[in-house]
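Thanks for coming. I will go through one structure today, starting with its aromatic rings and then moving to the sheet and the helices.

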Amino acid sequence: MKLLIIRHGESEGDILDVHEGRADFELTERGHCQADAMSEFVSQNYQLAKIYHSTLKRAKQTAEHLALKTQAPLIPDEKLMEFNNGLIAGLKHSVADEKYPRIDVPIHASVYEQESMLEFRYRAEYMLSKLLSENDDKNTIAVVSHGGMINQLYRAFLKLPVETEFLFLTGDTGIHEWLIKENSRIVLKANFMPHNI
């Protein structure tokens, strides 16, 4: 099975310099152009069976571009949403830093009405298991999500510890191509953007 893990295009939250997370911003005009270009590239190079996507607007809109170009069915799933950042969602970074200073807590705990890191990782583990169990080994499946969730999916895919310090950067509409073959998990491409706008 091949998985294409794709970040959404540029959103209004990206240019407002706010903590996005669960704040539900739409794509910018540039974000729509990025999503369209990415979708054109994918349609010319892959045969998608399904497109799973986060239900937040920026990911949903990106996935809709992809569905239009590839004709693959859309499957919304709330578990693909970005980290639930609670009370800081939508706040400017400077305001959030003042009102809600960083507090280190164990991975099972949280502050400011956020989900815990353990809950966040669980969602990624759940989604990866779902993707692998619901789809044929010969299929190519796309997942349109968010930078934080893509990091968690990487950690689940590579079986890294919950508290790993590895980060996997993803630009707007960056594509990560993974292959599951027998007992092997292979990263073929990371943050691939031949369609960069």
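Let me start in helix α5, residues 117–134, where Y122 and Y126 are four residues apart and therefore separated by about one helical turn. Helices here are DSSP runs of H or I with at least four residues, strands are runs of E with at least two, and both are numbered from the N terminus. Before I go on, this is a predicted model: local features need pLDDT of at least 70, side-chain atom pairs count only at pLDDT 80 or more, and totals for chains, interfaces and linings use all residues. Residues are numbered from 1 along each chain as its sequence is written, and side-chain values use heavy atoms, with hydrogens and water left out.

Back to the two tyrosines. Y122 counts as exposed, at 51% relative accessibility, while Y126 counts as partly exposed at 35%. The cut-offs are under 20% relative accessible area for buried, over 50% for exposed, and partly exposed in between, with a 1.4 Å probe and protein chains only. Y126 also has K79 over its face, at 4.5 Å from the ring centre. For that, NZ of Lys or CZ of Arg must be within 6 Å of the ring centre and within 35 degrees of the ring normal.

How many aromatic pairs does the structure hold? There are eight. The rings of Y122 and Y126 have centres 6.2 Å apart and planes at 50°, so this pair is tilted. Rings of Phe, Tyr and Trp (its six-membered ring) pair if their centres lie within 6.5 Å; planes under 30 degrees apart count as stacked, over 60 as edge-to-face and the rest as tilted.

Now a stacked pair. The ring centres of F157 and W178 are 4.3 Å apart and the planes are at 15°, so they count as stacked. F157 lies in helix α6 (residues 147–157) and W178 in strand β5 (residues 175–181), so the pair ties together parts that are 21 residues apart in sequence. F157 is buried at 1% relative accessible area, and W178 is buried at 0%. Together with Y154 and F168, these two residues form one aromatic cluster.

W178 takes us to the sheet. In β6, its bridge partner is V187. Six bridges join β5 to β6, and these strands run antiparallel; two strands pair if DSSP finds at least two bridges between them. β5 and β6 form a hairpin with two residues between them, and E182 in the turn has a positive phi of about 55°.

What is the order of the strands in the sheet? The six strands of this open sheet come in the order β3-β2-β4-β1-β5-β6, with mixed pairing. The edge strands, each pairing on one side only, are β3 (74–76) and β6 (184–192). Three bridges join strand β2 (residues 48–53) to β3, and this pair runs parallel. I51 has L74 in β3 as its bridge partner.

Helix α3 (residues 57–70) packs on the sheet, touching β1 (2–7), β2, β3 and β4 (140–145), and its direction makes about 165° with that of β2. Contact means heavy atoms within 4.5 Å. Axes are lines fitted to C-alpha atoms, for helices over the stretch in contact, and angles run from 0 to 180 degrees between N-to-C directions. Helix α5, where we began, packs on the sheet as well, touching β1, β2, β4, β5 and β6.

That is the tour.
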